[in-house]
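Have your viewer ready and follow along.

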Amino acid sequence: MLRLEGTRIVLGVSAGIAAYKAIEVCRRLVDAGAHVAPVLTEDALRFVTKLSFDALASEPALVSLWDGPDPSPHTRLGQSADLVIVAPATARVLAKYAAGISDDLLTATLLATRAPVLVCPAMHTEMWEHPATQDNIATLRRRGVHVEGPDVGPLASGDFGAGRLVAPERIVDAAVRVVGIRGSAQDLDGVLVLVTAGGTREAIDPVRFIGNRSSGKQGYAIAHEATARGAVVTLVTTVDLPAPIAAKIVRVESAAEMQRACEAAAGAHDVIVMSAAVADFRPKQIADQKIKKGDDGGVPLVELERTPDILAALGAKKRSRQVIVGFAAETQDLVANAMAKLMKKQVDVIVANDVSAPGVGFEHDTNAVSILAGDGTRTDVALTDKRTIARAVLDEVVRMRSLH
Ligand code: PMT
């Protein structure tokens, strides 16, 4: 089965020099089995021709809201799409999309769709780094829009910097990821999965906190993989990253908030994956006002107390047939320490990562883990991307569910 077989994709092309690469993207999407409907902005036609897309795509390219026989092309395209890609996405298109302006066929289609949207920005570095563009990207990400790139490298102007459109093959890979890996097992179809992601922040005063380096990437990779395998995902998170469009997002900050969210949701979920890095300690008192430095060179004493162990509490209340997965961030005696946590917290599986090893754990795009199950099974996954780790963790979840 082709990677995008049966997928209907609207390929939006806006006016940047990188528009010529969109022709290659179109070709590769069709080769991957997708039905591709190109939508070009008027100004994109200054860089590429409609004919190039007509020749390669699954249906003729459209440019205007008004020209064709279809009185409502944007709703037809938006409603029938499984995915809308905008590549290249210029600063102007991103700004219009973030602001909800729909004054041409492409932006009207973006507003008329409930399908996932993948934008691939391309522009000059100054435009990309401008706070307006960064705010627009942050807004779109918060709304669940997937953003791929831009790359750093030589630009058409001869300058070097951020702003290059990512390579066509990366756009196709991202499309496969966003629509869910076709042909992959739907072995979590309808299964309710609760995932935690990110590091908690424990306030010292209104401006300071105790935190950790967790980026949330591993937790989000698990949420994406679970969704692609058919699960219904609730993501309790301390960070904003592109999330699966269908996931329920519960935004929290502290261990106490994460505990409340998890305990409220846990009973209704079949699987819990606790990949968040929960602070072990928090200030006993949170100062109402910013603590002053004082003129005497002294430093405040912040008394700490233990945070609740969320995972242990969930393990103690585990309902029958529920599968609970914990993570263990270790720097020594990986397996022994992780196994001790598995037993102490009464969980089914513990995913041990040696966070002192290069490329492993916090902040990296990669990880390496030993997946240890209560029945003595051990699966080692060597350094790889976090989505592949997610896949292995969920394979173990599926195996544990089959034992119940
Ligand atoms: O977010 P990334 O940058 O992608 O990094 C990924 C990761 C390193 C954060 C992830 O792979 C990971 O290891 N997560 C668990 C980190 C951690 O807190 O490990 P721990 O060994 O301290 O805790 C063991 C388990 O108990 C964890 O599942 C943790 O979520 C849970 N815990 C810990 C303390 C606490 N008070 N409550 C908890 O529930």
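## Around the ligand

Helix H9 (217-228), helix H11 (310-316) and strand S16 each supply at least two residues of the shell around the ligand; helices (H or I, at least four residues) and strands (E, at least two) are DSSP runs, numbered from the N terminus. S16 gives the most, with 4 residues. This is a predicted model, in which local features need pLDDT of at least 70 and side-chain atom pairs count only at pLDDT 80 or more, while totals for chains, interfaces and linings use all residues. Residues are numbered from 1 along each chain as its sequence is written, and side-chain values use heavy atoms, with hydrogens and water left out.

In total, 29 residues surround the ligand, the closest being Ser214, Ser215, Lys341, Asn353 and Lys386; a residue counts if one of its heavy atoms lies within 4 Å. By class, the shell has 12 nonpolar, 10 polar and 7 charged residues. Here Ala, Val, Leu, Ile, Met, Phe, Trp, Tyr, Cys and Pro count as nonpolar, Asp, Glu, Lys and Arg as charged, and the others, Gly among them, as polar.

## Polar contacts and cover

Look next for N or O pairs within 3.5 Å. A polar side-chain atom of Lys341 lies 2.5 Å from a ligand oxygen, and a backbone N or O atom of Phe327 is 3.0 Å from an oxygen atom of the ligand. At Ile310, a polar backbone atom is 3.2 Å from a ligand nitrogen. The protein covers 96% of the 770 Å² of accessible area that the ligand has on its own (Shrake-Rupley method, 1.4 Å probe).

## The mixed sheet

S16 also belongs to an open sheet of 8 strands, in the order S12-S11-S8-S13-S16-S17-S18-S19, with mixed pairing; two strands pair if DSSP finds at least two bridges between them. Strands S12 (248-251) and S19 (378-385) stand at the edges with a single partner strand each, so one side of each has no neighbour in the sheet.

Strand S13 (residues 271-274) runs parallel to S16 (residues 323-330) over 4 bridges, and Val271 stands opposite Val323 in S16. Helix H12 (residues 334-344) packs on this sheet, touching S16, S17 (349-354), S18 (366-373) and S19, where contact means heavy atoms within 4.5 Å.

## The parallel sheet

Another open sheet has 5 strands in the order S2-S1-S3-S4-S5, with parallel pairing. Its edge strands are S2 (35-40) and S5 (146-147), each pairing on one side only. S1 (residues 8-13) and S2 pair over 6 bridges, and Gly12 stands opposite Val39 in S2.

Note on methods. Axes are lines fitted to C-alpha atoms, for helices over the stretch in contact, and angles run from 0 to 180 degrees between N-to-C directions. A polar contact is a pair of N or O atoms within 3.5 Å; within protein, one must be able to donate a hydrogen and the other to accept it, and residues adjacent in sequence count only if both atoms are side-chain atoms.
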